[in-house]
Amino acid sequence: MPIDQSFVGRVYPPTAPYEVGREKIREFADAVKDPNPAYRDPVAARALGYDDVIAPPTFAIVMTLPAGHQVIDDPELGIDYSRVVHGEQRFVHTRPVRAGDVLQVVVTVDAIRAAAGNDLVTTRADVTTVGGEAVLTAFGTLVARGTA
Amino acid sequence: MSSIAVGAELPAQDFPIARGDLVRYAGASLDFNPLHWNEHFAKSVGLPDVIAHGMFTMASAIRVVTDWAGDPGAVVEYSVRFTRPVVVPDPDGATLHVAGSVRAVRDDGLVEVDLTCTVEGQTVLARARAVVRVPATSGSA
């Protein structure tokens, strides 16, 4: 069964606040094997004009991937997780994520389309501070194989 | 800014990917899908072997832009399409090759970069593109 287009625009509740720590950023930077000092050294980050160490451009996936599971797990959409693969990913930054940020994610079903017998579901994850400052938006397209 | 011309190439880089890198990335990213560490599971779903997290490949590839720009916070947009899984056999692993070139210099000074991301000559990320704010004093290609 193809996924119903009427779910486009569905908005999920904000996620619990995520506090970005220096050591989590360092751990992530180590895991992607990127030695850039802006991810580790507050002095280096300040020299670039930031208040504290900043996170790599894809760091927000640690928040947006779990947030996106609200869509995958939504029984009304009926997505079979065992048949889902990650098709596309896009980040649009207002500013880099930095240590000390307390962030929340609001996920919206951005688009649903069928292609080659698969359903493509694009989720939009708006990441803001708990104070409402926009930080970034992440778009992820999930390919649900063989449903359309 | 005038030193950056359309078509200018960014220094290409090779990124070796070993099985242990995927385990470490799983822990840091909290993506514990067994496709990325369990050979038995990967083969049971028809893959030749364990595959890298697409997000690990994506995170590696942007290094070509952030190392060039100097300031990793200058990456305003970054997008990819995951076209082919990166198979990571143990112990040999795989090598991701990433090259970049300037696609456009916008009127607002933002620079669009196209990335080509291949493993053994085959594209693994398609339409890989970044938009970066490059200070006038750095980023000469």
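Across the interface of chain A and chain B in this predicted model, four salt bridges are found, a salt bridge being a side-chain nitrogen of Lys or Arg within 4 Å of a carboxyl oxygen of Asp or Glu. One of them joins A:Asp34 to B:Arg63, with the closest N and O atoms 3.6 Å apart.

Three elements of chain A each give two or more residues to the side that touches chain B: helix H1 (22-31), helix H3 (61-72) and strand E2 (84-93). Helices (H or I, at least four residues) and strands (E, at least two) are DSSP runs, numbered from the N terminus. The largest share of this side, eight residues, comes from E2(A). E2(A) also pairs with strand E2 (residues 75-82) of chain B in the antiparallel sense, over five bridges; pairing requires at least two DSSP bridges between the strands. In this setting, A:Phe91 stands opposite B:Tyr78 in E2(B).

| Class | Residues on the chain A side |
|---|---|
| Nonpolar (Ala, Val, Leu, Ile, Met, Phe, Trp, Tyr, Cys, Pro) | 17 residues |
| Polar (the others, Gly among them) | six residues |

The contact (heavy atoms within 4.5 Å) takes 30 residues from chain A and 29 residues from chain B. The two chains bury about 2,500 Å² between them, 56% of it on carbon and sulfur atoms; buried area is the accessible area (1.4 Å probe) lost on being put together, summed over both parts.

Residues are numbered from 1 along each chain as its sequence is written, and chains are lettered from A in the order in which they are written. Local features need pLDDT of at least 70, side-chain atom pairs count only at pLDDT 80 or more, totals for chains, interfaces and linings use all residues, and side-chain values use heavy atoms, without hydrogens and water.
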